[in-house]
Amino acid sequence: MNTLFSSIIALFSVASESPSLLKAKHHALSRQMPMMYLILLANTWALAATHLSIAPAWLTIAVPAVFTLICAIRINHWLRSRGEPSPEAALRELNRTNRLAFVIPIVFTTWSFLLYPYGNAYSQSHIAFYMAITVIACIFCLMHLRSAAFAVTAIVNGAFVAFFMSTGQPTFIAIAINIVLVCIAMLTILVINHQTFARMIDAQDQTLALSNENLRLANLDSLTDLPNRRAFFAQLDEALESARANNTRLAVGVIDLDGFKPVNDLYGHSTGDRLLVAVGKRLASLFGGDDMFLSRLGGDEFAFLMSNAPDDQAVVARGDEICAALHAQFELPDATVLISGSVGISIFPELASTAEQLFDNADYALYHGKRAKRGSSTLFTATHHAQIHRDARIEQTLRQASLDNELSVVFQPIVDMRTGLPLGFEALARWNSPVLGRVSPAHFIPVAERAGIIGALSRALLKKALSAASAWPDDLRLSFNLSAHDLNAADSTIAVMSIIQKSGFDAARIDLEITETAFAHDFEQVRSSTDMLRLMGCGISLDDFGTGYSSLTQLHALPLTKIKIDRSFVTRLHQRPASRKIVRSLLALGKDMGLDCVIEGIESEEEKRALDELGGAIAQGHYYSAAVPASEVPGYLASVRPVTSLASAG
Ligand code: C2E
Ligand code: CA
Ligand code: CA
């Protein structure tokens, strides 16, 4: 009894159903209910018509007219409620239908019984037919609202059976029994269908939830839980669109960590991952509000968007805040690490009109900012814009240049600080282009590297340098700068080796200079390349030492013979205690590693004296001599060491 009662309650409680089931039911009903009312009206008017001549007009015309009005209102209501109602609105609508499922059958049944006394056997049979066929139609149309279908069936059939049984007419009694049986069968089917329907909606819900989850995961960086690269570019497109529409400024920032790689190499990947998570958290704490969007692009690169960006200075100040936050210590389980971060920023609508340009500009500002001043933020400016144009022109011209004719090599002495006598020369590239005039190697070498044509340049320059150096006295060494690309592939390294071999110049008199950027990408390849060169007898110098972020482990793994302390630490050394400290520790580090140290870029007497005090031994710089053309080398040698050069000349 209890279970029967609770199943009846369950039948009628649409409220406990899931929001999407409610909406699906509403959707189905909004299509079927107008049809139900039309059938109801058609059947009603058909019955009224057969009773028109026998029953009073209020029953055959007035009442059906009122019914028509009510039905029309309901049809109109259902037609208008099509679309996407909220689950609450759908629930309200279903409850109203449930209530009407009691009222409407009572009204219509009462009306049909009122007609009964007026007719003959034919018209009375029509009433039985009307009630039976209409209730079947209603069950069909109310299929998605079990409670309403049951209510209509119970009321109409209850009254039908009671009424026609009471007439004692065998035909009517048979019809009544038939109708009850058919309705029971139909309601059973309805219950089964309803279960299938509910399960289908449930499955749809789950699929939707799953695909939403997939979508969320596809846009999320799994390590830091920040939006990923894909989400960033989608958001960039959107933000740009709205900045354009609302005439607002949009800032794009790219954040790159300095010193992440050594942490990764030294402490392992899991510590590296933990550091990235901590960086993500720290950055996220700086980014509040709707206008800020932070994401991890991959590796140690993050990016942000700032909608409604304030003026340039304020944006750069925000960038500097980010850098400052990254510079504070990170306490990880296995280590306390200190890194820093650089930020490149570009702002719409200045100097960029597309999302791609905006991002590339920020990236460019980052790349250039990093070279000038790591650990701070750099705004993409008109100067950068001009540089991009200049680089493009350089690249175009360089691709068409006759390298043998236009390139030349000059030589800067490397000097023993105690005696002032040269130990060798560093070969430095010069390009005199018929189109562009003289172009600094600081400009065209990076362009050639990015354009992937540095190999040809290196080979042409090396041949020239070796041929000039062949004329020097035997005790002088030649330093030659190699680029990352010369070491990142075995065949380009072999090309370098074969040029040295063919030149006949003693490999043991050569120092090949490499920078730390060379092994940022493929350390193993660089190691095997330098091993091969070292095996041949060449020395390997680490250029611009102190500016990179390689780990000591990496430096130890390379067969280095010299390090060259970068010019930036030497400039005004005598006035800068911090530089003095750095040079002192770099010299000590070189000594510990058993390597000679060459100090670059000495320009003044004061700098030289300060370096003497620190124990510097080998140096290079304008104080001694700028780079000179090959033809001036004998004259230079004669001026500084007349005896040796005369001896060799003779
Ligand atoms: P680097 O290898 O660090 O070369 C030293 C640069 O500092 C040279 O500039 C040199 O002229 C300059 N320099 C030397 N002493 C002083 C000084 O006392 N004061 C000042 N202010 N500057 C000094 P350069 O010749 O313009 O070369 C710039 C850079 O271009 C080089 O830096 C090197 O990275 C690259 N480079 C030059 N030649 C070649 C080459 O043949 N191959 C490759 N791959 N790179 C080259
Ligand atoms: Ca160099
Ligand atoms: Ca250097």
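In the hairpin of β2 and β3, Gly 299 takes a positive phi near 55 degrees, and two residues lie between the strands. This is a predicted model, in which local features need pLDDT of at least 70, side-chain atom pairs count only at pLDDT 80 or more, and totals for chains, interfaces and linings use all residues. Residues are numbered from 1 along each chain as its sequence is written, chains are lettered from A and ligands numbered from 1 in the order in which they are written, and side-chain values use heavy atoms, with hydrogens and water left out.

**The hairpin strands**

Helices (H or I, at least four residues) and strands (E, at least two) are DSSP runs, numbered from the N terminus. Strand β2 covers residues 292–298, and six of its seven residues are buried, so β2 is largely enclosed by the rest of the structure. Buried means under 20% relative accessible area, exposed over 50%, and partly exposed in between (1.4 Å probe, protein chains only). Leu 294 stands opposite Phe 304 in β3.

**Strand pairs**

Two strands pair if DSSP finds at least two bridges between them.

| Pair | Sense | Bridges |
|---|---|---|
| β2 and β3 (residues 301–306) | antiparallel | six |
| β13 (residues 539–545) and β14 | parallel | three |
| β14 and β15 (residues 596–599) | parallel | four |

**Around β14**

Strand β14 spans residues 562–565. Lys 562 and Lys 564 point one way, Ile 563 and Ile 565 the other, and all are buried. In a regular strand the side chains alternate between the two faces of the sheet. Phe 545 stands opposite Ile 565. Lys 564 has Val 598 of β15 as its bridge partner. From β14 the chain crosses through helix α21 (residues 577–592) to β15, and this β-α-β crossover is right-handed. Right-handed here means that, with the strands pointing away from the viewer, the path from the first strand over the helix to the second runs clockwise.

**The calcium site**

The protein donors of the calcium ion (ligand 3) are Asp 543 (OD), Asp 544 (OD), Glu 600 (OE) and Glu 600 (OE), lying 2.2 to 2.5 Å from it. Donors are N, O and S atoms within 2.8 Å of the metal (3.2 Å for Na, K and Ca); water is not among the atoms, so sites may look incomplete. The donor residues are spaced D-D-x55-E in sequence. Asp 543 also coordinates the calcium ion (ligand 2), and the two ions are 4.0 Å apart. Asp 543 is buried, at 7% relative accessible area. Asp 544 counts as partly exposed, at 25%.
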